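User: I have a model open and want to go through a few parts of it. Can you take my questions as they come?

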Amino acid sequence: MRGYWRGAAGWLALWLAFTAIAAAVLGPLTALVGLVCWLLLLHARQLWHMDALLRWLDGAPGTPVPHGSGIWAEAFSYLARLVRRQRQDEADLRSALERFQSATAAMNESVIILDELDRIEWCNPSAEHYFEIDARRDIGRQLTYIVRQPQFVEYLDEQNFAEPFALRGARGGETTLSVQLVPYGNQQKLVISRDVTRWERLEAMRRDLVANVSHELRTPITVLAGYLETLNDMEVPDPIFQKRAMQLMTQQTSRMQNLVEDLLTLSRLENARGPSAEQPVDVPRLVQGLHHEATALSAGRHKFTLDVDAELWLTGAEAELRSAFLNLVTNAIRYTPARGRITIRWRPTQDGGGAFSVVDTGIGIAPEHIPRLTERFYRVDRSRSRETGGTGLGLAIVKYALSHHQARLEIDSEPEQGSTFSAIFPARRVCTAPVAVAAAAPVRA
Ligand code: ADP
């Protein structure tokens with residue numbers, strides 16, 4: 001017999017014995033009255049406890065469980081234990097939810113929970129950002145009300161979520177999101193999205209690069225293969241043809257060499273986050289050296305003017321600066337017809353920085369091309385660039401080398417009038433010539 005029933009049976013037996021004794025001693029009527037009184041008292045106690053229980057059930061959450069006596073004490077203590085356990089479970093659940101929310105809030109991925117009718121139940125801040133969801137306004141709305149692209153609506157309808165969906169033009173523009181839907185529970189869905197804009201751009205750049213490099217290599221390789229085949233097939237060697245073939249093959253080989261060198265330089269610059277060195281660079285001496293090279297390269301076809309501030313040095317990587325400046329100077333020579341004028345200038349700017357400019361009186365550039373000139377392989381006139389030994393990578397190299405030094409490239413040009421390419425360095429990159437060096441090697445401006 002369980003404890004409660006054992007107790008109750010004991011009490012009943014006690015009272016029956018007591019009543020029997022009372023009936024024998026005091027008479028049956030008195031014993032009966034006594035028994036009724038005892039039952040009434042018992043009933044009143046039950047009512048009091050029931051009332052306490054009802055008031056507790058009806059009371060505000062958190063009201064302590066009432067105390068009782070007898071079997072009620074035991075029942076209330078069970079109830080109190082149950083309430084304590086439930087509160088603990090609630091607290092555990094709340095803290096798990098808080099942890100989940102703070103983890104998803106810190107995620108770059110956006111997370112949206114959809115109900116069985118594809119209505120938004122919950123989303124993290126990243127989803128609010130990428131899908132432009134206003135949580136107060138849009139919770140309960142269908143996701144297709146926010147993302148209205150027909151392809152996305154179709155993707156949701158088809159229910160085939162094996163592959164992620166590429167949502168282009170998100171955030172009202174350039175952003176591409178990779179959206180993965182994960183069905184779970186009772187037809188609910190988890191929508192996890194990541195910003196893949198940069199990755200897509202890199203992928204497109206990689207494809208373009210492979211296509212461009214193959215295209216650039218095709219002509220010289222075809223020329224080499226053609227001449228080699230003809231030379232092989234010749235039964236009687238023709239010294240004049242052989243000489244010409246050698247000259248042209250050498251030309252094409254050096255074209256390929258230039259291309260490979262420029263590609264390697266570009267890749268080195270792209271992979272580095274900053275300049276390869278942070279040393280004082282004697283820019284006046286560097287520019288003088290470039291002037292000599294330019295004069296040799298021009299072979300008397302152009303008139304040069306040099307305008308250099310002898311005290312103005314830069315902090316950075318000399319090799320990178322040299323490569324950038326040399327590209328600008330050789331471009332000026334290549335795109336300026338004979339008898340044109342080229343000015344090479346290195347001067348302080350008004351805000352304390354420095355500007356390296358190459359001004360030419362060459363063919364100039366139409367305004368629509370200017371914003372694209374630093375793209376790899378972008379040329380205004382493809383055949384002219386190739387004829388003059390261009391790889392189409394020069395200005396891309398300039399852009400990276402300058403950006404390592406927090407400098408910018410400014411292009412000012414007018415067709416048939418000439419161009420000015422300026423590399424503008426910020427004041428923090430400028431330093432003055434160390435005294436000993438400046439005294440030992442003065443530079444004429
Ligand atoms: P390329 O090897 O073809 O010269 P660059 O990247 O150095 O490649 O230059 C890109 C394009 O910019 C050139 O093909 C040319 O059309 C144009 N360009 C560059 N510099 C000049 C300049 N000084 N005058 C006119 N056009 C220029």
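User: Which residue in S2 is the bridge partner of Leu114?
Analyst: Ile120 is the partner of Leu114 in S2. This is a predicted model, where local features need pLDDT of at least 70, side-chain atom pairs count only at pLDDT 80 or more, and totals for chains, interfaces and linings use all residues. Residues are numbered from 1 along each chain as its sequence is written, and side-chain values use heavy atoms, with hydrogens and water left out.

User: How many bridges join S1 to S2?
Analyst: Three, and S1 (residues 110-114) runs antiparallel to S2. Strands are DSSP runs of E, at least two residues, and helices are runs of H or I, at least four, numbered from the N terminus. Two strands pair if DSSP finds at least two bridges between them.

User: What is the strand order in the sheet?
Analyst: S2-S1-S5-S4-S3, an open sheet of five strands with antiparallel pairing. Its edge strands, S2 (120-123) and S3 (165-170), each pair on one side only.

User: Switching to helices. Which residues of H2 are buried?
Analyst: Ala31, Trp38, His49, Ala52 and Trp56. Buried means under 20% relative accessible area, exposed over 50%, and partly exposed in between (1.4 Å probe, protein chains only).

User: And Ile21, where is that found?
Analyst: In helix H1 (residues 3-26).

User: Why does Ile21 count as exposed?
Analyst: Because its relative accessibility is 54%.
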